[in-house]
Structures are given as C-alpha cells and as structure tokens.
Amino acid sequence: MRFKEVPDIPNDLKYRKRKDVRGMLDSFVNKNIKYAEVLLDDEDYCRPDTAMQAIKLTAQRYEYPVTTKTRRGSIYITRTDMEEGSNEE
C-alpha cells in the first residue's frame with residue numbers, strides 16, 4: 001500500500017442531473033437489436049455499477065423487455081423478448 005501527497009481534498013461531487021435512461025432504453029428497443037454495450041459519458045455516473053442499477057430499475061419500473069449485465073467494467077443490455085440470433089436492424 002502506498003500514498004501520494006495532495007494539496008487538499010477535493011470537495012467537488014458530481015452534480016446530479018437527470019439522466020435520460022428511458023430515452024436510451026426507448027432507442028435500444030426501437031432499433032430492434034438483441035444486445036448492446038452501454039457507453040457512458042464522463043458526466044453520466046460515477047461508477048458503472050451505479051449506472052447499471054439505474055438502467056435495471058428503469059427497465060423494471062417501466063416494463064421494458066431488457067436485462068442488464070456487467071462484464072469487466074462494461075455494461076451490456078439484452079432484449080428479453082427476442083429469440084437468440086435475432087440481431088436485426
């Protein structure tokens with residue numbers, strides 16, 4: 001374990017602004033694809049697991065046919081109402 005000297009402790013937290021999770025899910029469902037990786041912008045979420053939880057809860061709350069998974073720090077969404085191999089655009 002190591003440490004690094006810093007001049008001060010940062011006090012700036014990411015300001016919470018409303019995320020358009022429903023808009024992203026609408027776009028995903030309307031594109032008629034089975035799988036997608038969610039790409040986060042710097043101002044979206046502090047951590048991928050926080051973003052995944054927001055997507056998962058939004059999908060459940062608004063009954064989107066979508067599940068979420070994380071793999072190696074990346075978030076993936078999957079359509080649950082499409083058969084395997086149905087990756088049409």
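Visitor: How many salt bridges are there by this rule?

Guide: Side chains of opposite charge can pair when their charged atoms come close. In this predicted model, the count comes to 2 salt bridges.

Visitor: Which residue forms a salt bridge with Asp 49?

Guide: The partner of Asp 49 is Arg 47, and the N to O distance is 2.6 Å. Asp 49 is partly exposed, with a relative accessibility of 38%. Arg 47 is also counted as partly exposed, at 47%.

Visitor: Which residue forms a salt bridge with Arg 79?

Guide: Arg 79 pairs with Asp 81, and their closest N and O atoms are 2.8 Å apart.

Visitor: Is Arg 79 buried or exposed?

Guide: Arg 79 has a relative accessible area of 6%, so it counts as buried, since the cut-off for buried is under 20%.

Visitor: Next, the core. Which residues have the most contacts inside the largest nonpolar core?

Guide: In soluble globular proteins, nonpolar side chains tend to be buried together. Here the largest nonpolar core has 15 residues, and those with the most contacts inside it are Leu 25, Ile 55, Val 66, Ile 75 and Ile 77. Helix H1, helix H2 (48–61) and strand S3 each supply at least two residues of this core. The largest share comes from H2, with 5 residues.

Visitor: What is Ile 77 in contact with, leaving aside its neighbours within four places in sequence?

Guide: The contacts of Ile 77 beyond those neighbours are Met 24, Phe 28, Lys 34, Tyr 35, Ala 36, Val 38, Ile 55, Val 66, Thr 67 and Thr 68. Two of these, Ile 55 and Val 66, are also named among the core residues with the most contacts.

Visitor: Which residues are buried in H1?

Guide: The buried residues of H1 are Val 21, Leu 25 and Phe 28. They lie on the same side of H1, because they cover an arc of only 60° around the axis. What covers the buried residues of H1 includes S1, H2, S2 and S3.

Visitor: What follows H1?

Guide: Most residues other than glycine have a negative phi. H1 is followed by Asn 32, whose phi is positive, near 60°. Asn 32 sits in the loop between helix H1 (21–30) and strand S1 (35–38). Its relative accessible area is 31%, so Asn 32 is partly exposed.

Visitor: What is phi of Arg 72 near?

Guide: Phi of Arg 72 is near 50°, again a positive value in a residue other than glycine. Arg 72 belongs to the loop between strand S2 (66–71) and strand S3 (74–79). With a relative accessibility of 88%, Arg 72 counts as exposed, because the cut-off for exposed is over 50%.

Visitor: Now the pockets. How much space lies in the largest pocket?

Guide: Rolling a probe the size of a water molecule over the atoms shows where empty space is left. The largest pocket holds about 310 Å³ of space.

Visitor: Which residues line the largest pocket?

Guide: The lining is made up of Arg 18, Lys 19, Asp 20, Val 21, Arg 22, Tyr 45, Ala 54, Leu 57, Thr 58, Arg 61 and Tyr 62. H1 and H2 each supply at least two residues of this lining, and H2 gives the most, with 4 residues.

Visitor: Where is Tyr 62 found?

Guide: Tyr 62 is in the loop between H2 and S2. At 40% relative accessible area, Tyr 62 is partly exposed. Tyr 62 and Arg 22 are 40 residues apart in sequence, while their C-alpha atoms are 8.4 Å apart in space. Both residues are among those lining the largest pocket.

Visitor: Is Tyr 64 buried or exposed?

Guide: Tyr 64 counts as buried, at 13% relative accessibility. Tyr 64, too, is found in the loop between H2 and S2.

Visitor: What does Tyr 64 touch, not counting residues up to four places away in sequence?

Guide: Tyr 64 touches Arg 22, Leu 25, Asp 26, Val 29, Thr 58 and Ala 59. One of these, Leu 25, is also among the buried residues of H1.

Terms used
Residues are numbered from 1 along each chain as its sequence is written. This is a predicted model: local features need pLDDT of at least 70, side-chain atom pairs count only at pLDDT 80 or more; totals for chains, interfaces and linings use all residues. Side-chain values use heavy atoms; hydrogens and water are left out. Buried means under 20% relative accessible area, exposed over 50%, partly exposed in between (1.4 Å probe, protein chains only). A salt bridge is a side-chain nitrogen of Lys or Arg within 4 Å of a carboxyl oxygen of Asp or Glu. A nonpolar core is a set of buried Ala, Val, Leu, Ile, Met, Phe, Trp, Tyr and Cys residues joined through side-chain atoms within 4.5 Å. Contact means heavy atoms within 4.5 Å. The arc is that of the directions from the helix axis to the C-beta atoms. On a 1 Å grid over the protein atoms alone, a cavity is a set of points where a 1.4 Å probe fits but cannot get out, and a pocket is an open set with protein on both sides within 12 Å along at least five of seven lines; lining residues have an atom within 4 Å of a point. Grid points are joined across faces, edges and corners, and a volume is the space filled by probe spheres set on the points.
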